[in-house]
Amino acid sequence: MKVNYYINGIEIEPPINAAELSVELNYDKGDTASQTVSITEVEFGIGSQTDGSDAASLINEHRQLGLSTGVGVFEGLPYVVELTKDGTTYILFDGYLNTAAALWDCDKVIVGAVEKGNIDWLNETADSISFAYLYNNNDVIASARISNTDFVSIPYVLSELPDTREALLAVVSLTFLFEAIATQLEEIIELSVSLANVLDFLAVVKLILRITYLVGLFIVLFITVQRIINLLIQKTKYHDAMYISTLCEKGAAYFGLTFSSSILESDRYKNAVILPKKYSHETETVSYAGGGLLGGAKDVLTGFFTPNDARAKGYYDGTFGQLLRDLKEVFNGKIIIQGNELRFEREDYNNSAYNYVLPDVDDTNYNLNFDELKSNYTVEFLTDYNDKNTLQNYEGTLTQVIQFPDKVINKDMVLMTGLESRIIPFARATAKEGLTNVEKVVDFLAPIIDGIANTIVKIINAIIDVIDFILNDKLASAALLFQVLTPQGYVITGLIIGKTTFTITDVLDWFNDEIFDTGVDTSSIPNLVYIPIGDSIKNRDSMLQMENDFIDVPKIFNINPSDNKINSNNSQSFSSEYLYNNYHFLRTFVIGEYSEAPNGNQKKIKNVSGVPFCFDSFELLLNNNRLKDADGNNGELISCKWNVEKEVAELDYFIREAYTNNIKEKIITPDGK
């Protein structure tokens, strides 16, 4: 068996400490399908300064070129170790020398080696990019670039009254409007009854102006009602989020990896999203129809009132590495790298076969995994004090699992201690269920108000049509108006309104602009369009419910892709107890409680050294940590240190074997009351 070493594709002499080097497979991080291959620090002597294949010279050249045309020490130097036996060559190590952390001495260089594409590499590099960096960045490859099309607009409604002071003033205005409308209706009826001649100019003008004023009052009435609705029951708003699977795909693609996960591809979580923090918002000024002194109401409201607004951002507020760590807390998960694929799975995921059989060595000594037993284990979501809904709907936020002995003789000698807290760095989402008291009142009155309003609108629109006919067909001619007013009256009227030639519409415009300022265009009075107030509270069930527009703690929840409302299974899927029972239960030491872990987390840990270990054994365990001991028991490798030259290894492994049945657990999920 021969070992060959290469730096940047150039074969070099073996390192000074080649005889001491060992290859180590580490499985202790729980990432069992593709593991860390590590080599102890490599030591190169300076050797010949003129030999282009001298390792130390190549490393020094790499450093020096950083001052001119090269990339310098902050980019690793490619390093490959080949193992050849019986005509077969195997890449034992493919990575790079960490020249940034090397020890430079006068006659040697000591440098660490990092394998490409393994867990350690990912842990070191995944925090080097944030999702904000991936957003609309043309320097990023297309598959990793985030754009607005990756965002999901989540509709939400407010559970609190946003502006009661303004709404109260609007209600007071509404009272005076009803009184003014009643008065104008009485006067219009009286004028209509007393009108003997349609060519009685002054009476016609007076009647038309009264009707115009009434139209203006109705416009303001409808505006005021809509203001009250907007201030008390604000329109649906939207926050942008992203599917968790999309976030992971983008992050993995940046590092040249694909992404898969049986968890996030399952029916239960394939539509899970993360709604990031929201601090700064756009504001929208709502200008109501009508204009003028009577109808110029405006309200400044916070938030996006239409989906897919280009200004909204929905990406996770953090790095790719932080996202992976957060997801591991949620699902008690682990990261696996298999070739160019990054997988996210539950921590017990392992689809490997038991190919390696441990030789018949002395493995009678063992330790118990007592250090993994925590008598108090908690799964807890965060709460957002800026959103009381996360407190009001507290049940499902925290689950506490107490493990305790079933039988106790000496209570002061019980060895079960410790606390392990799995803090999920997200808040749960609350779906709107039913109507608030204000919405119930509006919902009750809406059919009555909408029915009356629609009848009034039809009557007013009919009157408007008659007025338009009189103004634009009967009295639109300046010559006709000249005859009605007499020459003297025509001249005097023209002096008052500032025109020499005019029609009755010009006169009415002057009255409207200078005297009444109704905001209604009398040259062609538009028909009223009434928006039913009942529409303001429809279709709000199952929307995300929030106290206000700001989010201090990101939320995680399931949605329906058809309307982006909260899915009916969300409350269960993202409850602390469900996550414990389906993902975190692997940490329990209770026997027989869970079918997928019949022996709980009880293990016997063994260490054996001097195990005959050759190239074939290394191949079997490289991407597979499962083994069988000489007695046929299934086990899992924790680590393997292989001395290549001596062809022996030291193995740490465990057998899942029960060693106590005196443990029970109690699951507590407080409701916050």
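Predicted model: local features only at pLDDT ≥ 70, side-chain atom pairs only at ≥ 80, totals over all residues.
Residues are numbered from 1 along each chain as its sequence is written, and side-chain values use heavy atoms, with hydrogens and water left out.

**Overall make-up**

I looked up the secondary structure and found 15 helices and 30 strands in the protein chain. Helices (H or I, at least four residues) and strands (E, at least two) are DSSP runs, numbered from the N terminus. Of the 673 residues, 49% are buried; buried means under 20% relative accessible area, exposed over 50%, and partly exposed in between (1.4 Å probe, protein chains only). I also checked contacts, meaning heavy atoms within 4.5 Å. Among those between residues at least 6 apart in sequence, 73% join residues at least 24 apart.

**Aromatic rings**

I found 21 aromatic pairs in the structure. Rings of Phe, Tyr and Trp (its six-membered ring) pair if their centres lie within 6.5 Å; planes under 30 degrees apart count as stacked, over 60 as edge-to-face and the rest as tilted. Phe131 belongs to helix 3 (residues 131-134) and Phe320 to helix 8 (residues 320-331), 189 residues apart. Phe131 is buried at 0% relative accessibility, and Phe320 is buried with a relative accessible area of 0%.

I then looked at Tyr133 and Tyr254, whose ring centres are 6.2 Å apart with planes at 85 degrees, so this pair is edge-to-face. Tyr133 is in helix 3 and Tyr254 in helix 6 (residues 244-254), so parts 121 residues apart in sequence are tied together. Tyr133 is partly exposed at 37%, and Tyr254 is partly exposed at 29%. Ring pairs link Phe131, Tyr133, Tyr254, Phe255, Tyr316 and Phe320 into a cluster.

**Salt bridges**

How many salt bridges does the rule give? I noted 20, a salt bridge being a side-chain nitrogen of Lys or Arg within 4 Å of a carboxyl oxygen of Asp or Glu. Arg422 and Glu329 meet in one of them (3.1 Å, N to O). Arg422 lies in strand 23 (residues 419-428) and Glu329 in helix 8, 93 residues apart. Is Arg422 buried or exposed? Arg422 is buried at 6% relative accessibility, whereas Glu329 is partly exposed at 22%.

Strand 23 also holds Glu420, which forms a salt bridge with Arg587, the closest N and O atoms being 2.7 Å apart. Arg587 sits in the loop between helix 14 (576-582) and strand 26, 167 residues from Glu420. Glu420 counts as buried at 19%, and Arg587 as partly exposed at 22%.

My last entry is that Glu341, Arg343 and Glu345 are linked in a network of salt bridges.
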